[in-house]
Amino acid sequence: MERVDFDAAETYEPDEGWRRVALAGSEDASLEWFEKPPGHSSPMHDHENGQVCLVLAGELTVYTEDDEATLGQYDSVWLDPWESHRVENTGDETAVGLDIFTPGRSFDFWTDRE
């Protein structure tokens, strides 16, 4: 067992106000807590990992090349590996959520991008 204390976990802020915290995980699966300010959107991107995006508070809209889904508290979506997507806070308050990646990944995905 490997415990991860939230306050001591690795934290990354890809954009101002968009904070991500690496929680328990391995090469098989990883878990990232995040908060995203109103109006913020990640860029359209894809990755080798399958992804579950679960909303804990607020509202997020997930856009793919062919579809979109607005998620409220406790709603989630599955994104296939290599499925292009972006996630936008379309609500009026900070959104909080969890991303689960399979296989697991590190923050290098964002820090190593050009």
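User: In which loop is Tyr 74 found?

Analyst: Tyr 74 is found in the loop between β6 (68-71) and β7. The names come from DSSP runs, numbered from the N terminus: helices are H or I runs of at least four residues, and strands are E runs of at least two. Before we go on, this is a predicted model, where local features need pLDDT of at least 70 and side-chain atom pairs count only at pLDDT 80 or more, while totals for chains, interfaces and linings use all residues. Residues are numbered from 1 along each chain as its sequence is written, and side-chain values use heavy atoms, with hydrogens and water left out.

User: Is Tyr 74 buried or exposed?

Analyst: Go by relative accessible area, computed with a 1.4 Å probe on protein chains only: buried is under 20%, exposed is over 50%, and partly exposed is in between. Tyr 74 counts as exposed because its relative accessibility is 58%. Its backbone is worth a look too: Tyr 74 has a positive phi of about 70 degrees although it is not a glycine. Trp 82 also has a positive phi, about 70 degrees, and is not a glycine either. You'll find Trp 82 in the loop between β7 and β8, and at 56% relative accessibility Trp 82 counts as exposed.

User: What about Ser 84: where is it found, and is Ser 84 buried or exposed?

Analyst: Ser 84 is in the loop between β7 and β8, but its relative accessibility is 14%, so Ser 84 counts as buried. For its surroundings, check contacts, meaning heavy atoms within 4.5 Å. Setting aside neighbours within four places in sequence, Ser 84 is in contact with Met 44, His 45, Asp 46, Tyr 63, Thr 64 and Glu 65.

User: How do I read the two faces of a strand, and which residues are on the covered face of β7?

Analyst: In a regular strand the side chains alternate between the two faces of the sheet. In β7 (residues 76-79), Val 77 and Leu 79 make up the covered face, while Ser 76 and Trp 78 are on the uncovered one. Pairing is the next thing to read: two strands pair if DSSP finds at least two bridges between them. Strand β4 (residues 50-57) pairs with β7 in the antiparallel sense, over four bridges. Within this pairing, Cys 53 stands opposite Val 77.

User: Cys 53 also touches Leu 60, I think. Which other residues does Leu 60 touch?

Analyst: Not counting residues up to four places away in sequence, the residues that Leu 60 touches include Phe 34, Lys 36, Cys 53, Val 55, Ala 69, Leu 71, Val 87 and Ala 95. Leu 60 lies in strand β5 (residues 60-64) and is buried because its relative accessible area is 0%. Leu 60 and Asp 75 are 15 residues apart along the chain, and their C-alpha atoms are separated by 9.5 Å.

User: How many cavities of 30 Å³ or more does the structure hold?

Analyst: One. On a 1 Å grid over the protein atoms alone, a cavity is a set of points where a 1.4 Å probe fits but cannot get out; a pocket is an open set with protein on both sides within 12 Å along at least five of seven lines; lining residues have an atom within 4 Å of a point. Points join across faces, edges and corners, and volume is the space filled by probe spheres set on them. The largest cavity has a volume of about 100 Å³. It is lined by 15 residues, with Trp 18, Arg 20, Gln 51, Val 87 and Asp 99 closest to its centre.

User: Tell me about Asp 99. Which side chains make polar contacts with Asp 99?

Analyst: A polar contact is a pair of N or O atoms within 3.5 Å; within protein, one must be able to donate a hydrogen and the other to accept it, and residues adjacent in sequence count only if both atoms are side-chain atoms. The side chain of Asp 99 has one of 2.7 Å to Arg 20 and one of 3.1 Å to Gln 51. Asp 99 is in strand β9, and Asp 99 is buried, since its relative accessible area is 4%.

User: And which residues lie nearest the centre of the largest pocket?

Analyst: Ala 22, Leu 23, Gly 25, Ser 30 and Arg 105, out of 14 lining residues. The volume of the largest pocket is about 210 Å³. Strand β2 gives the most to its lining, with four residues.
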